[in-house]
Amino acid sequence: MKERFILSNVKRVNEDQIDIVVEDGKIIEVTQAGSKDEGLLLDCSGIYVSSGWIDLHVHAFPEFSPYGDEIDEIGVKTGVTTIVDAGSCGADRIADLVKSKEQAKTNLYAFLNVSRIGLKRVDELSKIEWIDKKKVKQAVNQFKDLIVGLKVRMSKSVVRDKGIEPLRIARTLSDETSLPLMVHIGSAPPSIEEIIPLLEKGDVITHYLNGKENNLFDNEENLLQVVIEAIERGVHLDVGHGTASFSFKVAELAKKSQIDDLNTISTDIYRSNRLNGPVYSMSNVLSKFLYLGYSLEEVIEAVTTKAANWLKKPELGRIQVGDIANLTLFDVHHEPVTLIDSEGDKRIGKRRIAAKGVVVNGTYIEC
Ligand SMILES: [Zn+2]
């Protein structure tokens, strides 16, 4: 439904109860709960509202396998109003990703893979000639409104024998296009000690809680010095849960270290880890962070305000009169929930987040 409707008696994560009036796609009024009764009322008693969830790392290009899925399946249907495709496409196919956006309801942005072939192959940086600097710049110019950064996957299976070289080239591309990098970390080589010093303020490390050998902690479980320095420079840490990149053990270490503050929580969701786990949905990933001891406010901030600020689109991270209405409605059930990480480690949480619906660009959709 578009036109005018009222979300009545919704509560914010600070437990404030409000009514939100949406008309012609925009938030036109935010008032005390129960003060609005004219027009179409959606009774949201007991339900939480936040600005629409943003997932900074997804794979939304269905044609590619294994890392692909349908935009709305990983977007509005799971409570996420804005997704950022994390480098599924390089210059060769980015135009097709843009086209698929027209059929979808979910807001879409993208990191452009520095490899022109993108995830058509999963060793997309194993040939240096696949990093075509001219094509990257052309794509960036052509799709300015879509592309928010450059993606470079720095793990052994992706770069094969090319080591750190693809990241050095990506660094120059980042400087030349003024776009930040999102760097995927995984198995070495290249090692974390080689990768992190090349990252600058605003660049993103995704998969920062992975439990592989080459993670952010040394064998004595101390945070690596290069990581401490990177945080001081303003490098951003993103979860990117994925099939293989979220470890409860590492997340528990992180919570006790200098990186106990959440930046962004993202899923790295695609068809198989959505259907078979361990990701399933953004709600499921968020419940893991409640289990870890982060407050509901901190968890929701990591998919709203903080993601919006990184995107330099603050309007996506707030509930404000005059803005286009992008909202997520969700429950927090107080009940035991089994949570499984990418290593198969299990934890039992006490609270479970469940998306109930979204308002995306002024249209209400039930989850
Ligand atoms: Zn990914």
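The questions and answers below walk through selected sites of this predicted model.

User: Which residues does the UniProt annotation "binding site" cover, and what is the largest C-alpha distance among them?
Analyst: The annotation comes from an unreviewed UniProt entry, and under the name "binding site" it covers K151, H184 and H207. These residues are spread over 57 residues of sequence, yet they cluster in space. The largest C-alpha distance among them is 12.9 Å.

User: Is K151 buried or exposed?
Analyst: K151 has its place in strand β9, which runs over residues 147-154. Leaving aside residues up to four places away in sequence, K151 touches H57, A86, G87, F111, L112, N113, V114, M182, H184 and T206. Buried means under 20% relative accessible area, and because the relative accessibility of K151 is 1%, this residue counts as buried.

User: Which residues coordinate the zinc ion?
Analyst: The donor residues of the zinc ion follow the sequence spacing H-x1-H-x208-D. The coordinating atoms are NE2 in the two histidines and OD in the aspartate, at 2.0 to 2.4 Å from the zinc ion. The residues that supply them are H57, H59 and D268.

User: At what angle do helix α3 and helix α5 pack?
Analyst: Two packed helices are described by the angle between their axes and the distance between those axes. In this model, K133, V136, K137 and V140 in α3 meet I169, T172, L173, E176 and T177 in α5, and α3 passes α5 in a right-handed crossing. The axes of helix α3 (residues 133-142) and helix α5 (residues 165-177) lie 11 Å apart, and the packing angle is about 35°.

User: What is omega for the cis peptide bond that joins P189 and P190?
Analyst: A cis peptide bond joins S65 and P66, with omega about 5°, and P66 has its place in the loop between β6 and α1. Another cis peptide bond joins P189 and P190, where P190 lies in the loop between β10 (181-185) and α6 (192-195). For the bond between P189 and P190, omega is about 0°.

User: Is D24 buried or exposed?
Analyst: D24 lies in the loop between β2 (17-23) and β3 (26-32), and its phi is near 50°, a positive value in a residue other than glycine. N9, in strand β1 (residues 5-11), also has a positive phi, of about 60°, although it is not a glycine, and at 22% relative accessibility N9 counts as partly exposed. The cut-off for exposed is over 50%, so D24, at 62% relative accessibility, counts as exposed.

How values were computed. Residues numbered from 1 in each chain as written. Predicted model: local features only at pLDDT ≥ 70, side-chain atom pairs only at ≥ 80, totals over all residues. Heavy atoms only, no water. UniProt positions renumbered as here; feature names shortened; annotations may be inferred. Helix = DSSP H or I, 4+ residues; strand = E, 2+ residues; numbered from the N terminus. Buried < 20%, exposed > 50% of the residue type's maximum accessible area, 1.4 Å probe, protein only. Contact = heavy atoms within 4.5 Å. Donors = N, O, S within 2.8 Å, 3.2 Å for Na, K, Ca; no water. Axes fitted to C-alpha atoms, helices over the stretch in contact; angles between N-to-C directions. Left-handed = near helix turned anticlockwise from the far one by under 90°.
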